[in-house]
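Hi,

Here is the structure I promised to pass on.

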Amino acid sequence: MERGEIEAPFPYLCHLCLSAPGLLVLLLFPMGPTAQNSKACALWCPPKSSCVNGNACRCYPGFISSSGEIFMDPLEKCDDINECGPPSPVYCGSSADCQNTEGGYHCTCSPGYEPTSGVTILRNESENTCQGIHKFLLPLAHVDECQHRPRVCKGRSICINTNGSYTCQCPPGLEFNPEDPRDCTENECTSGRNPCHSSAHCLNFVGSFECHCRPGWKPIPGPLQWPKQHNVDECSSGKHRCHSSTVCVNTVGSYTCHCRQGWVPKPGFQDKQMTTICEEIFPTWTAPPGIKSQALSHFFKRIQDLGRNFSSASVLNTVRDLVQEMGHLLETPGDLETQPLSEQRFAVTNLLFGLENVLRGLSKALPEGSWNFSSSAGIEVSLEVQAPSYRNITLTQNRTEMMLTWGTVHDSGDSGLAVVGLLSTPGMHRFLAEAPLVLDAEEQTTLHETHRGLLQETSHILLSDVISAFITKDFRSPVTFVFQHSVTPGPREKVHCVYWQRGQNGSGYWDTRGCWVTRTRDNSTTCQCTHLSIFAVLMAHYSVQNEDPALTVITYVGLSLSLLCLLLVALTFLLCKAIQNTSTSLHLQLSLCLFLAHLLFLTATDRTENKVLCALIAGALHYLYLASFTWMLLVGLHLFLSARNLMVVNYSNVNRFMKKAMFPVGYGVPAVIVAISAASRPHLYGTPT
């Protein structure tokens, strides 16, 4: 039977429902034009109601219809509002009970209590004067509430006096009315007569009952001879709502959804329920097409055997065997190394992503805790299974460390366990060491701007093991990796944090997008990435065209002579007081700036080992040469003003103006320019030249 479908137990119920519209037409048709007059009074208003207009009626206070206080359906009726029923808005005060009446209510003292005012009918809490009977009965005597209040139990219920109170009991064959616990009614459903078939529910009403089909059942077509029903097979009829990850199993009157073999319920779901949704634990993993390798064929045959024999109880042994099989393949690759380079990368890409996918699935069946697996070939797997919290998680292996905070894990709405995994595969180094490197647009721009016209070629090597990281929930903040390596980068060698990107042809290449270096030392590199994949640390060597030796000699000799001359000029202007004036002051500042700039250029331009020091040297050179040009501008401006104002009267004004403006302009303007440049493009300071 479909949801919401109710089968009437007797034919007259169906006839009544079908004839109701006709009855409405018969009631309205004789009214003629008056039926259309909204101001005329409706003649069909039921008892306990008054007419609003020709189309609506209003229930008396204390009564209500199923449509509300005002209704327009001629079949509606006004029922009494049980002000004392739950949720009750009426509070009579302590030691008092609410008594519902037709169209209203009142309060009376509870059994064992009487009002001190003598008023037995109370309207609200303010009139409550109920006190215990023993407080004003001397000597203390037991009160028989059944005699004192003969109608305390309603209808056919029997009042039984108890010590200080009373109880109401129903005679055999009757039971308490759910709407009034002191009134007894007949319940045909529980009287032992069993009026409905086992395939239907019995619903009791006052003076009657109805039989409704259970879920998964429907009435047998034909004349209504209750109860004549049969079971519906929702699975074979296609009426079930099982998810595609489950199998429908029919039951008597219903059905259940079971997880397929090798699948488990997703977090937040249970197996063998109508709403069960499952996920595959051991995903399908097949060999890459087009590659003929006996080593690969043997490996994937072993993987298929592990998948067929897998069960949730043996998940630890399955992960251990999987790691051993991968280690054996990388330790003795056999004919895989003889394949063309493109096919090798194609096969390795399949192995890397396939192994991560299988480990991601198997980890969902692991119990909570920390798990570590390793093989003789050096492969290491670290798994952390626990509920997300706000503490730091660190997975440590021989040469790699992964750090994240559970607080960065996105809350997906379920309370299931999350899994963080770290896989290290040292044997992949031989297949991926010479794979192409693709830099993001910003790094390429920086590289070419640094080596304008001098960059010839780049080569790279892998410094770290190839690792794979995954998490079974979404995360928001970057994840930190620390890679250990034995090679120290040189002056023209740069370290990159890279990940393996699958190409369109099934192969792959190293990419830097979404990963960056936060710190590099002689034997370690710290990276941060906004996504999880297959990572490594790669060192790129940039071959820069060597400069002409003759130009180098000319540069050093010329700058040395310039330093000597500038030093003599500065000493002359500084020590000869007889010639000191505004013009000599301007030339003195110009000489000092040029002297410091040339000296820094000769002695510190090749100090690129320390990035911070290199950035400071580049910024200082930028500032000193800008200051030199600014002082040249001031010297020319002073010469122009002096020539224009040859009269002695105006010459003092020129000197006064230059003395006030030369230092703020000469040193302030270059400082503003360098600050703006460093703030807008800081990566251009400190790059190796």
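Strands here are DSSP E runs of at least two residues, helices are H or I runs of at least four, and both are numbered from the N terminus. Two strands count as paired if DSSP finds at least two bridges between them. Across this pairing, Val-438 sits opposite Asp-511 of strand 32.

Before going on, a word on what you are looking at: this is a predicted model, in which local features need pLDDT of at least 70 and side-chain atom pairs count only at pLDDT 80 or more, while totals for chains, interfaces and linings use all residues. Residues are numbered from 1 along each chain as its sequence is written, and side-chain values use heavy atoms, with hydrogens and water left out.

Back to strand 32, which is also joined to strand 31 (residues 493-502), this time antiparallel and through four bridges. Trp-500 faces Trp-510 of strand 32 there. The two strands make a hairpin with five residues between them, and Gly-506 in the turn has a positive phi of about 95°.

There is also an open sheet of five strands, in the order 24-25-30-34-33, with antiparallel pairing. Strand 24 (392-396) and strand 33 (515-520) are at the edges with a single partner strand each, so one side of each has no neighbour in the sheet. On average, neighbouring strands of this sheet are turned by 20° against each other, direction ignored. Within the sheet, strand 25 (residues 400-405) pairs with strand 30 (residues 479-484) over four bridges, and Met-402 has Phe-481 as its bridge partner.

Now the helices. The axes of helix 4 (residues 294-308) and helix 5 (residues 315-331) come within 10 Å and cross at roughly 180°; axes are lines fitted to C-alpha atoms, for helices over the stretch in contact, and angles run from 0 to 180 degrees between N-to-C directions. Helix 4 and helix 5 are therefore roughly antiparallel (over 145 degrees; under 35 is roughly parallel, 65 to 115 roughly perpendicular, the rest oblique). Among the residues that meet are Phe-299 and Arg-302 in helix 4 and Asp-321 and Glu-325 in helix 5, contact meaning heavy atoms within 4.5 Å. The contact residues of helix 4 with helix 5 divide into eight nonpolar, one polar and three charged. For these classes, Ala, Val, Leu, Ile, Met, Phe, Trp, Tyr, Cys and Pro are nonpolar, Asp, Glu, Lys and Arg are charged, and the others, Gly among them, are polar.

Helix 4 also comes within 12 Å of helix 6 (residues 341-363), axis to axis, with a crossing of roughly 15°. That makes helix 4 roughly parallel to helix 6. Here Leu-296, Phe-299 and Phe-300 of helix 4 meet Ala-347, Asn-350 and Leu-351 of helix 6.

Further along, the axes of helix 9 (residues 549-575) and helix 10 (residues 582-604) come within 9 Å and cross at roughly 150°, so these two are roughly antiparallel as well. Their contact residues divide into 16 nonpolar, seven polar and no charged.

Finally, an unreviewed UniProt entry lists residues 553-574, 586-604, 616-641 and 661-680 as "transmembrane region"; positions follow the numbering used here, feature names are shortened, and annotations may be inferred rather than shown by experiment. In the model, residues 553-574 are 100% helix, with end C-alpha atoms 32 Å apart. Residues 616-641 are also 100% helix, with end C-alpha atoms 37 Å apart.

Cheers
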